[in-house]
Amino acid sequence: MALKGNLRDFSLTQLLNLIHLARKNGILHLENATTKAWLGFREGKLAYGGLNLEENSLVAILYRGKRINAAHYRTIKEKSGSMSDKELGLLLVNAGYLNQQEIVQNIQVYLVRLVHRLFLWEDGNFHFENDAPLPKGKILVRINLENLIMDGTRQLRELDQLKDEIPSLDIALKFCDHPGASVRNLRLNQEEWKVISFINPKNSMKKIAEAVKLNDIEMRKIAFGLIQAGVVEMVKPDGYSAKRTINIGIPHTNPAEQTSLIKRIIQRIRSL
Amino acid sequence: MQTVKMVVTGPFNAGKTAFIRTVSEINVVSTERKISQPAEQVKETTTVAMDFGRITIDQDLVLYLFGTPGQRRFDFMWEILSEGMLGFVVMVDSCKPETFREARMILETFRAYAPTPYVVAANKQDLEDAWGIEDLRIALRLDSQVKLIPCVANDKESVKIILIELLDQILRELEVNTERAS
């Protein structure tokens with residue numbers, strides 16, 4: 001099945017959320033007018049990525065991360081030749097130059113920065129290549145997407161979009177029954193923690209915003225981030241009734257007659 | 001003669017008119033007009049008030065299917081159409097992620113109008129660009145309990161499945177209400 005579209009319509013944050021929740025394996029390809037990017041995932045976790053405009057070999061990542069200087073970079077490039085990242089990483093570890101943890105950390109930092117840059121793309125085509133194999137020679141990492149999703153939603157500045165996502169602050173929030181993220185592992189700022197402490201189906205978002213002294217936009221941003229990270233979901237507050245409800249179309253007869261009416265319709269539709 | 005109605009709603013060009021045409025025993029009374037907005041000219045006409053289809057159940061009972069207009073500027077019709085419905089179907093074009101947010105908004109609006117049972121029909125599943133059902137569920141943020149059913153609006157069997165799922169849901173809700181009352 002296709003998973004493609006434009007970032008205008010379905011943002012990178014939403015895509016990451018989908019990949020995270022569906023624990024997808026594969027490669028997400030992104031392309032705007034000037035640049036191509038790709039992100040590889042294993043079981044819904046970011047494993048590797050790159051941009052066509054820059055080198056994403058291990059040695060380039062270490063140089064960019066200031067873990068090696070320009071002279072080292074040139075020397076390693078010359079000597080490593082056609083060596084894969086895995087082979088080079090092993091060589092560096094065996095030579096006592098770096099340890100495994102440092103290598104992994106540098107790759108993780110590179111990938112997180114890459115995704116942060118991609119969050120700024122407002123336009124561009126995407127398609128997800130389901131179950132596409134990840135490159136063999138690359139060092140694959142496992143980055144949880146929850147925090148990246150939170151970071152991405154923090155960059156959302158358009159009130160209109162937030163209003164689309166959260167149409168009313170009269171709605172309450174509750175913790176998801178099966179949260180996609182452990183709250184403890186999330187990097188939340190002070191205001192987000194304050195909001196978390198008020199989450200309860202009895203409290204509308206309006207009430208929480210008043211208590212925490214947030215304006216509408218700030219409240220919506222925080223709520224949207226928490227929803228996207230799979231921590232909370234929207235619910236009608238306790239005691240809330242829709243402003244206007246209308247009659248349901250089943251005639252006000254006894255329950256047996258109502259059931260019989262629906263069964264007659266089912267039977268008829270089956271026979272069409 | 002008793003009449004009951006169900007509503008078919010969803011974003012512009014989701015396939016609502018086709019859905020009703022496929023099962024209606026009368027030529028669908030459609031209030032289509034030529035599209036004036038260039039941005040919406042992916043098809044020649046659109047429904048401005050409602051589509052109206054009919055299925056005679058038996059001598060005493062008729063089911064009407066109402067399709068809502070897809071364009072937002074006609075959304076004043078939604079509330080009127082939802083009055084007294086048995087339940088509703090939300091049609092989503094599985095190939096158009098740009099309409100998913102709109103579909104979710106329509107779903108929330110109808111749920112606010114009337115807390116009746118509903119199902120979501122993932123239309124155009126026969127096309128190559130269609131998003132998979134589980135991806136759609138996440139994109140539309142549908143709870144696992146919400147019925148999200150693959151659909152091809154031009155295919156009678158497919159439309160029948162959607163309607164029967166909705167009716168089953170109505171039946172289950174009736175049973176729950178009866179149990180609560182007793």
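Tutor: Buried means under 20% relative accessible area, exposed over 50% and partly exposed in between, using a 1.4 Å probe and protein chains only. Helices (H or I, at least four residues) and strands (E, at least two) are DSSP runs, numbered from the N terminus. This is a predicted model, in which local features need pLDDT of at least 70, side-chain atom pairs count only at pLDDT 80 or more, and totals for chains, interfaces and linings use all residues. Residues are numbered from 1 along each chain as its sequence is written, chains are lettered from A and ligands numbered from 1 in the order in which they are written, and side-chain values use heavy atoms, with hydrogens and water left out.

Student: Which residues of α6(A) are buried?

Tutor: Helix α6 of chain A spans residues 146-154, and eight of its nine residues are buried, so the helix is largely enclosed by the rest of the structure. The cover over them, in terms of contact (heavy atoms within 4.5 Å), includes α1, β4 (45-51), α5, α8 (190-198) and α10 (216-228) of chain A. The buried residues are E146(A), N147(A), L148(A), I149(A), M150(A), D151(A), G152(A) and T153(A).

Student: L226(A) is in contact with which residues, leaving aside its neighbours within four places in sequence?

Tutor: L226(A) belongs to helix α10 of chain A and is buried, at a relative accessible area of 0%. Its C-alpha atom is separated by 9.0 Å from that of T153(A), 73 residues apart along the chain. With those neighbours set aside, its contacts are M150(A), L188(A), V195(A), I196(A), I199(A), V231(A) and V232(A).

Student: At what angle do the axes of α1(A) and α5(A) cross?

Tutor: Two packed helices are described by the angle between their axes and the distance between the axes. Axes are lines fitted to C-alpha atoms, for helices over the stretch in contact, with angles from 0 to 180 degrees between N-to-C directions. Helix α1 (residues 12-21) and helix α5 (residues 100-119) of chain A have axes that come within 9 Å, and they cross at roughly 130°.

Student: What does that make α1(A) relative to α5(A)?

Tutor: Angles under 35 degrees count as roughly parallel, over 145 as roughly antiparallel and 65 to 115 as roughly perpendicular; the rest are oblique. By that scale, α1(A) to α5(A) is oblique.

Student: How many nonpolar, polar and charged residues are in the contact of α1(A) with α5(A)?

Tutor: From α1(A), L12(A), T13(A) and L16(A) meet V115(A), L118(A) and F119(A) of α5(A). Ala, Val, Leu, Ile, Met, Phe, Trp, Tyr, Cys and Pro count as nonpolar, Asp, Glu, Lys and Arg as charged, and the others, Gly among them, as polar. The contact residues divide into five nonpolar, one polar and no charged.

Student: Is K24(A) buried or exposed?

Tutor: K24(A) sits in the loop between α1 and β2 (26-31) of chain A. Beyond its neighbours within four places in sequence, its contacts include L3(A), L18(A), F41(A), G44(A) and, from the other chain, D135(B). Its C-alpha atom and that of G44(A), 20 residues apart along the chain, are separated by 4.7 Å. At 9% relative accessibility, K24(A) counts as buried.

Student: What is the phi of E43(A)?

Tutor: Most residues other than glycine have a negative phi, and most peptide bonds are trans. E43(A), in the loop between β3 (36-42) and β4 of chain A, is partly exposed with a relative accessible area of 44%. Its phi is a positive value in a residue other than glycine, near 45°.

Student: What is the relative accessible area of D131(A)?

Tutor: D131(A) lies in the loop between β5 (125-130) and α6 of chain A. Although D131(A) is not a glycine, its phi is positive, at about 60°. D131(A) is exposed, with a relative accessible area of 57%.

Student: What area do chain B and chain A bury between them?

Tutor: In contact are 47 residues of chain B and 42 residues of chain A. Buried area is the accessible area (1.4 Å probe) that two parts lose on being put together, summed over both. Carbon and sulfur atoms carry 62% of it, and the area is about 4000 Å².

Student: Which three residues supply 16% of the area that chain B buries against chain A?

Tutor: This share is more than any other three residues supply. The three are R101(B), I138(B) and R141(B).
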